[in-house]
Amino acid sequence: EPAPTPEPAPAPVSAGRYVANALRAAGVKYAFTVPGESFLGLLDALEGAGIRVVAARHEGAASFMAEAYGQLTGRPAACLGTRAVGAANMAIGIHTARQDSSPMFAIVGQVRRDRRGREAFQEVDQVDTFGRLAKWAVEVERTEALPAAVEEAIRRAVSGRPGPVLLSLPEDLLDEPVGDAGPPVARRMTAPPPDADELRAVLHLLTDARRPVILAGGGILRARGTSELVRLAEILEVPVIAAWRRPDVFPNDHR
């Protein structure tokens, strides 16, 4: 019998397309941006990966749109900006996402690698400046390091306490092919199940306390748990205080 024809090797994808595919695998459906030339290699790849691009008039608006999407849905969105000035405009939205535990990908184009350290147009150390506002930040300098960096960024954004991560990607890197990295690993945000022993210990503390009180924060809203909290407070006869900026975590007219 004739030998089977080997499957052709998959064509390498560009670094921009690899990042776009990885974001989509992580659940990103929208990218909010003010388009800039420093990240065209990623911008051009988003639609092909199934991510809708929404153009804003200001990078600050783009970052707030991405943060609001994360707050409303619990799923990450992306905001994209160019180099120093675009990242500076996104900074408050990144800070807000960190404060609100919103999963978000802040992706900033960087100057070409052969111009780094030469005071190139709009050059700045984006990891040590704007990246400090995020949960985690990295600048990728080689395509070989891209898959691991993207995977770590996704893990940081959606696991544990969610938050924003910043990826600084040099303009020339985005057009280079990525080698045998394979398809990006899908990583979606899933809440771990509560531990029965820990729940039991909390209930014992509440029922044995002389003057217990429940301080309810944003986790109740994220878990859609207000009705369960109301029933718990009524059964245990425990007063509830809403945390700062969370006035809707418990009915304000409840006894």
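Predicted model: local features only at pLDDT ≥ 70, side-chain atom pairs only at ≥ 80, totals over all residues.
In which strand does Glu 139 lie? Residues are numbered from 1 along each chain as its sequence is written, and side-chain values use heavy atoms, leaving out hydrogens and water.

View 1. Glu 139 sits in strand β5 (residues 136–139); strands (E, at least two residues) and helices (H or I, at least four) are DSSP runs numbered from the N terminus. With a relative accessible area of 16%, Glu 139 is buried (under 20%; exposed is over 50%, partly exposed in between; 1.4 Å probe, protein chains only). Its side chain makes polar contacts with the side chains of Ser 168 at 2.8 Å and Arg 116 at 3.2 Å. Such a contact is a pair of N or O atoms within 3.5 Å; within protein, one must be able to donate a hydrogen and the other to accept it, and residues adjacent in sequence count only if both atoms are side-chain atoms.

**View 2. Helix α1 under cover.** Take a look at α1 (residues 15–25): 8 of its 11 residues are buried, among them Tyr 18, Val 19 and Leu 23. Their cover includes α2 (40–46), β4 (104–110), α5 (146–158) and β6 (164–170). After α1 comes Gly 27, with a positive phi near 105 degrees.

**View 3. Ile 241 in strand β8.** Here, Ile 241 belongs to β8 (residues 240–242). Ile 241 is partly exposed, at a relative accessible area of 47%.

Terms used:
Contact = heavy atoms within 4.5 Å.
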